[in-house]
Amino acid sequence: QVQLVESGGGLVQTGGSLRLSCAASGITFSINAMGWYRQAPGKQRESVASISSGGITNYVDSVKGRFTISRDKALNTVYLQMNSLKPEDTAVYYCNTLPARHNWGQGTQVTVSS
């Protein structure tokens with residue numbers, strides 16, 4: 001049974017940092033790519049960062065150089081370090097496989113104030 005539990009969001013000022021965590025039980029990282037997604041109000045959910053089963057990372061242009069995705073296989077946890085946050089990063093952040101194959105978790109709200 002796959003369960004995705006995101007945490008670490010909050011309210012920060014522009015330029016601040018947050019570290020998101022995703023506890024991904026039931027998913028084997030060595031054979032699954034994982035992704036962080038976000039959904040802003042009135043917008044579609046988008047993938048912003050991914051890490052392949054081999055550890056290769058990719059980012060959407062809008063977060064390159066500011067966000068870093070990583071994983072801990074022993075803890076079955078995926079992280080998203082977010083630095084230099086901007087108001088346009090405000091969204092609910094989710095994790096899932098890439099492509100997304102499992103029910104979404106509750107997400108974690110990130111709000112960046114200007």
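1. Strand 7 (residues 67–72) and strand 8 run antiparallel and are joined by six bridges. Strands here are DSSP runs of E with at least two residues, numbered from the N terminus, and two strands pair if DSSP finds at least two bridges between them. Within this pairing, Arg71 has Val78 of strand 8 as its bridge partner. The two strands form a hairpin with four residues between them, and Asn76 in the turn has a positive phi of about 50°.

2. The model is predicted: local features need pLDDT of at least 70, side-chain atom pairs count only at pLDDT 80 or more, and totals for chains, interfaces and linings use all residues. Residues are numbered from 1 along each chain as its sequence is written, and side-chain values use heavy atoms, with hydrogens and water left out.

3. Strand 8 is also joined to strand 3 (residues 18–25) by six bridges, again in antiparallel fashion. Gln81 of strand 8 is the bridge partner of Arg19.

4. Because five of the six residues of strand 8 (residues 77–82) are buried, this strand is largely enclosed by the rest of the structure. Buried means under 20% relative accessible area, exposed over 50%, and partly exposed in between (1.4 Å probe, protein chains only).

5. An open sheet of six strands has the order 2-10-9-4-5-6, with mixed pairing. Its edge strands, strand 2 (10–13) and strand 6 (57–59), each pair on one side only.

6. Tyr59 in strand 6 is the bridge partner of Ala49.
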